[in-house]
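Dear colleague,

Please find below the structure that I am handing over to you. My notes on it follow directly after.

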Amino acid sequence: MCGLSSERFNAGVAAIDQAIALAATTFDPGTSVTWYLQGDDVVVELERTVDLVFAPGVPGAAPTEPVRARATAELRLSDP
């Protein structure tokens, strides 16, 4: 992040990581979460394999399918 000291940048990264880890405690078991910085955005991605409700009634259908979600938020500076 342009104009930030390495200490403030690292503190921000730690705060993001902590917030995501806290939110992840509410996720269903088997949900994976990854996050990364992309320019001035933080991107969070979730993935989980789910059972397909109607698969048993469809010959040859896979019983499960991975589901993925991605959210992006613009990072903004605030007073420390």
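**Helix and sheet**

Helix 1 (residues 6–24) lies across strand 1 and strand 2 and runs at about 155 degrees to strand 1. Helices (H or I, at least four residues) and strands (E, at least two) are DSSP runs numbered from the N terminus; axes are lines fitted to C-alpha atoms, for helices over the stretch in contact (heavy atoms within 4.5 Å), and angles run from 0 to 180 degrees between N-to-C directions.

This is a predicted model, in which local features need pLDDT of at least 70 and side-chain atom pairs count only at pLDDT 80 or more, while totals for chains, interfaces and linings use all residues. Residues are numbered from 1 along each chain as its sequence is written, and side-chain values use heavy atoms, with hydrogens and water left out.

The open sheet has 3 strands in the order 1-2-3, with antiparallel pairing (two strands pair if DSSP finds at least two bridges between them). Its edge strands are strand 1 (32–38) and strand 3 (64–74), and the twist averages 20 degrees from one strand to the next. Strand 1 and strand 2 share 7 bridges, with Thr 34 opposite Glu 45. Strand 2 (residues 41–51) and strand 3 pair over 11 bridges, and here Val 44 faces Ala 71.

Asp 17 belongs to helix 1. The side chains of Asp 17 and Trp 35 are joined by a polar contact of 3.0 Å (a pair of N or O atoms within 3.5 Å, where within protein one must be able to donate a hydrogen and the other to accept it, and residues adjacent in sequence count only if both atoms are side-chain atoms).

With kind regards
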